[in-house]
Amino acid sequence: MTDLSTPSQEHAQQASRSSVGPPLWLLAELTYRCPLHCAFCYNPVNYTDHRDELSTAQWIDVLQQARKLGAAQLGFSGGEPLMRDDLEELVAEAHRLGFYTNLITSGVGLTEARLDTLKANGLDHIQLSFQDSTQELNDFLSSTRTFDLKNRVARSIKAHGFPMVLNCVLHRYNLPHVDKIIDMALAMGAEYLELANTQYYGWAHTNRAQLMPTAEQLREAEAVVERYRKEIGNRCKIFFVVPDYFETRPKRCMNGWGSVFLGIAPDGAALPCHSARSLPGLTFPNVKDTPLEHIWFDSDAFNRFRGFEWMKEPCRSCEEKTKDLGGCRCQAYLLTQDAANADPVCDKSAHHEQVVRVVREAANRSATLAPDEQPVTFRNDANSRRLTASAREPAATPHNEGTQS
């Protein structure tokens, strides 16, 4: 396991201010509270350890500092950002500062009155999540009864004149429904459809055995997407990203560690990517006591994996390192227990066989298993506390991922 506890002054010096651009994309995770309990949520499994939330004044200060640094695009996320009563006030301030604003929401709590105020306060864009095109699977995967509500919210979003992105996380349960999901998006008038194949961090990693699709499912779904793209033209732009495990080269995660993305967690921790809290030994600075400028340019956490000097072989001497920047640090840690290793998705990695094995095991499971035949661990407070406690026990038996609760 990599020891990340000692600050790397060499790395910080090499990633000097002159070589680092501004954080163009700010993600404000306003809260980890959420009315849904999705099995693939990217929030940290131990989110119950991080109950504190920034105040309205603290969030406004973050927005002002980020805009001064050069951030231009702002996402309000969570959890469910509508759980915050001050969302409308934050949107108004973001609009005043000149941000392009996007609300990333489940739709729960998005009333007509709130839509009116958000529109008046300058919100630019709404991304609405669905779990499936069917009520049964949508409600199962979120462990709620929200399908009908989401449909009503989708109509309201369009009625208020917002551009809408419909987002649906894909996995072995709903990949066979891609055509119906696209039809649903078209019927709703969505300008964009994001078919976001599950990436295995957070709760999705806990449920990896249950959610991992087969290669055949992916090929068939991708063919369906291509057919629809040709048929519908510019009516709706469809994004479809294959999950990392089915590639032989890693993606440039977040366009590079500390390159364009700055995430602020509900408690004020500043993160170079959504899942960075999964990395042990890194201390992430907090906006409560550290200016954003220092966090972005000078902190060890944001400089740790900038550049190339941190790389080990085979990345260090690889001619493709400028293209993929070694891939995802969180994925490297989750699969190899060393965040400085090559992303095991890469077939040059000594650990690539782990990815191959996971895909092979998925292929050996029946793709037709119903959800209740392959139970999952839902994102909720009880499971968060249980999994967190289990992870703290040095000699604990690995959690059985097939526990429905």
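## Basis of the description

The model is predicted: local features need pLDDT of at least 70, side-chain atom pairs count only at pLDDT 80 or more, and totals for chains, interfaces and linings use all residues. Residues are numbered from 1 along each chain as its sequence is written, and side-chain values use heavy atoms, with hydrogens and water left out.

Helices (H or I, at least four residues) and strands (E, at least two) are DSSP runs numbered from the N terminus; two strands pair if DSSP finds at least two bridges between them. Strand β1 (residues 25-29) runs parallel to β2, to which five bridges join it; W25 has Q73 of β2 as its bridge partner. Between β1 and β2 the chain passes through helix α2 (residues 56-69) in a right-handed β-α-β crossover. Right-handed means that, with the strands pointing away from the viewer, the path from the first strand over the helix to the second runs clockwise.

Strand β2 also runs parallel to β3 (residues 100-105), with four bridges joining them, and L74 is partnered by T101 in β3. The chain crosses from β2 to β3 through helix α3 (residues 87-97), and this β-α-β crossover is right-handed. Buried denotes under 20% relative accessible area, exposed over 50%, and partly exposed in between (1.4 Å probe, protein chains only). Four of the five residues of β2 (residues 73-77) are buried, so this strand is largely enclosed by the rest of the structure.

## Strands β6 and β7

Strand β6 (residues 192-197) pairs with β7 in the parallel sense over five bridges, and Y192 has K237 as its bridge partner in β7. In β7 (residues 237-241), I238 and F240 form the covered face, whereas K237, F239 and V241 form the uncovered one.

## Nonpolar cores

A nonpolar core is a set of buried Ala, Val, Leu, Ile, Met, Phe, Trp, Tyr and Cys residues joined through side-chain atoms within 4.5 Å. The largest has 98 residues, and F76, I182, L195 and I264 have the most contacts inside it. Helix α7 (residues 178-188) supplies the largest share of this core, seven residues. Apart from it lies another core of 22 residues, among them L36, Y200, A204 and V358.

## T198

T198 is found in the loop between β6 and α8 (202-206) and counts as buried at 3% relative accessibility. A polar atom of its side chain lies 2.6 Å from the backbone oxygen of L170.

Terms used. A polar contact is a pair of N or O atoms within 3.5 Å; within protein, one must be able to donate a hydrogen and the other to accept it, and residues adjacent in sequence count only if both atoms are side-chain atoms.
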